[in-house]
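Dear colleague,

Please find the structure below, handed over for your records.

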Amino acid sequence: MLYLNIRRMKKFKYFSRGDSKKEQVGIIKAKSIYIASIKAAEKKKLSLTQFNNLFEIEEIKGKEGV
């Protein structure tokens, strides 16, 4: 049997840098945090550098990510 290494898509949220409550601005599904950052930057029509200066991104885990 052929084993395929299929990585599941994860959910990531992004929020304004400096927001202590980390209130989400949006959600992105991606295989890695790097790809999620690129997708979120495209969604906001920003370069990756601009996005990273304005927003933080983290994986949603547990019940929050369902």
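Residues are called buried under 20% relative accessible area, exposed over 50%, and partly exposed in between (1.4 Å probe, protein chains only). This is a predicted model, in which local features need pLDDT of at least 70 and side-chain atom pairs count only at pLDDT 80 or more, while totals for chains, interfaces and linings use all residues. Residues are numbered from 1 along each chain as its sequence is written, and side-chain values use heavy atoms, with hydrogens and water left out.

Three strands form an open, antiparallel sheet in the order β2-β1-β3. Strands (E, at least two residues) and helices (H or I, at least four) are DSSP runs, numbered from the N terminus; two strands pair if DSSP finds at least two bridges between them. Strand β1 (residues 10–16) pairs with β3 over 5 bridges, and phenylalanine 55 in β3 is the bridge partner of serine 16.

Isoleucine 35 belongs to helix α1 and is partly exposed, at 36% relative accessible area.

The count of salt bridges is 2, each being a side-chain nitrogen of Lys or Arg within 4 Å of a carboxyl oxygen of Asp or Glu. In one, the closest N and O atoms of lysine 13 and glutamate 58 are 4.0 Å apart. Lysine 13 lies in β1 and glutamate 58 in β3, so this pair ties together parts that are 45 residues apart in sequence. Lysine 22 also meets glutamate 58, at 3.2 Å from N to O. Lysine 13 is buried (9%), whereas glutamate 58 (26%) is partly exposed, as is lysine 22 (36%).
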